[in-house]
Amino acid sequence: MSLVFRRLFRSSTAAFEKKNIFVGNLPWTIKESDLSTLFSQVGKVDAVRIITDRESGRSRGFGFVEMEEADAIAAIEKLNGSELGGRELRANLAEPKEERPPRAEGGFQRQGGFQRGGDRGDRGDRGGFERRGGESRDRY
């Protein structure tokens with residue numbers, strides 16, 4: 001494929017590139033279908049996702065709408081700052097998620113409430129296995 005053809009191909013498909021729109025300050029009660037209906041007034045909506053809290057399942061007040069680039073830009077211009085459910089919407093192009101370093105232990109230590117050092121196999125220095133008189137309490 002020649003360089004000229006690649007450039008022509010990229011520029012002709014650029015208008016059909018999908019863009020994610022970040023939509024913030026959403027009312028807590030909004031559903032994905034409501035958000036889809038709102039954005040479909042401007043253009044074709046490909047996908048809608050409202051972000052919810054893992055624990056409660058309640059909306060976190062923001063979401064994403066996927067549209068073709070031309071429709072996305074028009075939707076941002078029309079809907080950014082508009083009112084929905086008594087709240088002023090924030091709409092802008094979503095930025096790609098930042099790369100994060102992997103977590104070491106999943107966010108918390110799995111070692112219990114205190115540090116337990118050493119092998120502890122002999123238990124000789126901790127006591128508790130011999131009677132006061134020095135006699136062994138070994139039952140085996």
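Guide: Let us begin with the surface. Accessible areas come from the Shrake-Rupley method with a 1.4 Å probe. This is a predicted model, and the accessible surface of the protein comes to about 11,700 Å². Carbon and sulfur atoms account for 47% of that surface.

Visitor: What share of the residues is buried?

Guide: A residue counts as buried when its relative accessible area is under 20%. Buried residues make up 18% of the 140 residues in this protein.

Visitor: How many helices and strands are there?

Guide: The protein has three helices and six strands. Along the sequence they follow the pattern α-β-α-β-β-α-β-β-β.

Visitor: Is S59 buried or exposed?

Guide: S59 belongs to strand β3, which spans residues 59-68. Its relative accessible area is 9%, which is under the 20% limit, so S59 is buried.

Visitor: Which residues are in contact with S59, apart from its neighbours within four places in sequence?

Guide: They are P27, W28, I50, I51 and T52.

Visitor: How does one find empty space in a model?

Guide: Rolling a probe the size of a water molecule over the atoms shows where empty space is left. Here, the largest pocket holds about 280 Å³ of space.

Visitor: Which residues line the largest pocket?

Guide: The lining consists of F22, I51, R60, F62, F64, K97 and R100. Four of these residues are nonpolar, three are charged and none is polar. Strand β3 contributes the largest share of the lining, three residues.

Definitions and conventions:
Residues are numbered from 1 along each chain as its sequence is written. This is a predicted model: local features need pLDDT of at least 70, side-chain atom pairs count only at pLDDT 80 or more; totals for chains, interfaces and linings use all residues. Side-chain values use heavy atoms; hydrogens and water are left out. Helices (H or I, at least four residues) and strands (E, at least two) are DSSP runs, numbered from the N terminus. Buried means under 20% relative accessible area, exposed over 50%, partly exposed in between (1.4 Å probe, protein chains only). Contact means heavy atoms within 4.5 Å. On a 1 Å grid over the protein atoms alone, a cavity is a set of points where a 1.4 Å probe fits but cannot get out, and a pocket is an open set with protein on both sides within 12 Å along at least five of seven lines; lining residues have an atom within 4 Å of a point. Grid points are joined across faces, edges and corners, and a volume is the space filled by probe spheres set on the points. Ala, Val, Leu, Ile, Met, Phe, Trp, Tyr, Cys and Pro count as nonpolar, Asp, Glu, Lys and Arg as charged, and the others, Gly among them, as polar.
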